[in-house]
Amino acid sequence: QVQLVESGGGLVQAGGSLRLSCAASGRSFTFYTVGWFRQAPGKEREFVTAISWPWSSANTLYSDSVKDRFTISKDNAQDTVYLQMSNLKPEDTAIYFCARKNDHDLSVFNSNTQTYVYWGQGTQVTVSS
């Protein structure tokens, strides 16, 4: 099994920045995909971004709503995935979850939540206007 723990959420003013972290422990994978999702009150969970091995920008996918504002990256030494969020807007307010697909699943361009097997508990991000 894989355990995922998100951190870095908080309260920020519109236009500000936050960096979320997703730390993994447990079973070790080499070739996989990690994604970030978010869920606002009363709304469906939605895809934000994802990255897969070999962890280059060519292996990333962003939703239109965050493209050019958010950046996903991976620290291989610590098996941690980061979500750098800039120019935050009130509509970015949500609980942010990281998730991982199964080992050897590199389908980064498939954003369907059903393809993600392991999920963290989430971290709250609140953007005030």
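Which side chain does the side chain of serine 63 join in a polar contact of 3.1 Å? The partner is serine 65, side chain to side chain. The model described here is predicted.

- S7 and S8 run antiparallel and are joined by six bridges.
- Within this part of the model, threonine 71 stands opposite glutamine 84 of S8.

**Aspartate 79**
- The loop between strand S7 (70–75) and strand S8 (80–85) holds aspartate 79.
- Aspartate 79 counts as partly exposed because its relative accessibility is 21%, and the buried class ends under 20%.
- Its side chain makes a polar contact of 3.4 Å with the side chain of arginine 100.
- Beyond neighbours within four places in sequence, aspartate 79 is in contact with Cys22, Ala23, Ala24, Tyr32, Lys74 and Arg100.
- Alanine 40 is 39 residues away from aspartate 79 along the chain, and the C-alpha atoms of the two are separated by 27 Å.

**Serine 63**
- Serine 63 is found in the loop between strand S6 (60–62) and S7.
- With a relative accessible area of 14%, serine 63 is buried, because the cut-off for that class is under 20%.
- If residues up to four places away in sequence are not counted, serine 63 touches Phe47 and Val48.

**Backbone geometry**
- Most residues other than glycine have a negative phi, and most peptide bonds are trans.
- Aspartate 79 has a positive phi, near 50°, and is a residue other than glycine.
- Asparagine 87 is not a glycine either, and its phi is positive at about 50°.
- Asparagine 87 lies in the loop between S8 and strand S9 (94–100).
- The relative accessible area of asparagine 87 is 44%, so this residue is partly exposed, a class that lies between the 20% and 50% limits.
- The peptide bond that runs from tryptophan 53 to proline 54 is cis, with omega near 10°.
- Proline 54 belongs to the loop between strand S5 (46–52) and S6.

**Aromatic rings and charges**
- Eight aromatic pairs are present in the structure.
- One aromatic cluster is made up of Phe29, Tyr32, Trp55 and Tyr118.
- Tyr32 of that cluster is also among the contacts of aspartate 79.
- Lysine 74 lies over the face of tryptophan 55, at 4.8 Å from the ring centre.
- Lys74 is likewise one of the residues in contact with aspartate 79.
- Arginine 45 has its charged end over the ring of phenylalanine 97, 3.8 Å from the centre of that ring.

Key
Residues numbered from 1 in each chain as written. Predicted model: local features only at pLDDT ≥ 70, side-chain atom pairs only at ≥ 80, totals over all residues. Heavy atoms only, no water. Helix = DSSP H or I, 4+ residues; strand = E, 2+ residues; numbered from the N terminus. Buried < 20%, exposed > 50% of the residue type's maximum accessible area, 1.4 Å probe, protein only. Contact = heavy atoms within 4.5 Å. Polar contact = N/O pair within 3.5 Å; in protein donor to acceptor, adjacent residues only side chain to side chain. Pairing = 2+ DSSP bridges. Phe/Tyr/Trp six-rings, centres within 6.5 Å; stacked < 30°, edge-to-face > 60°. Lys NZ or Arg CZ within 6 Å of the ring centre and 35° of its normal.
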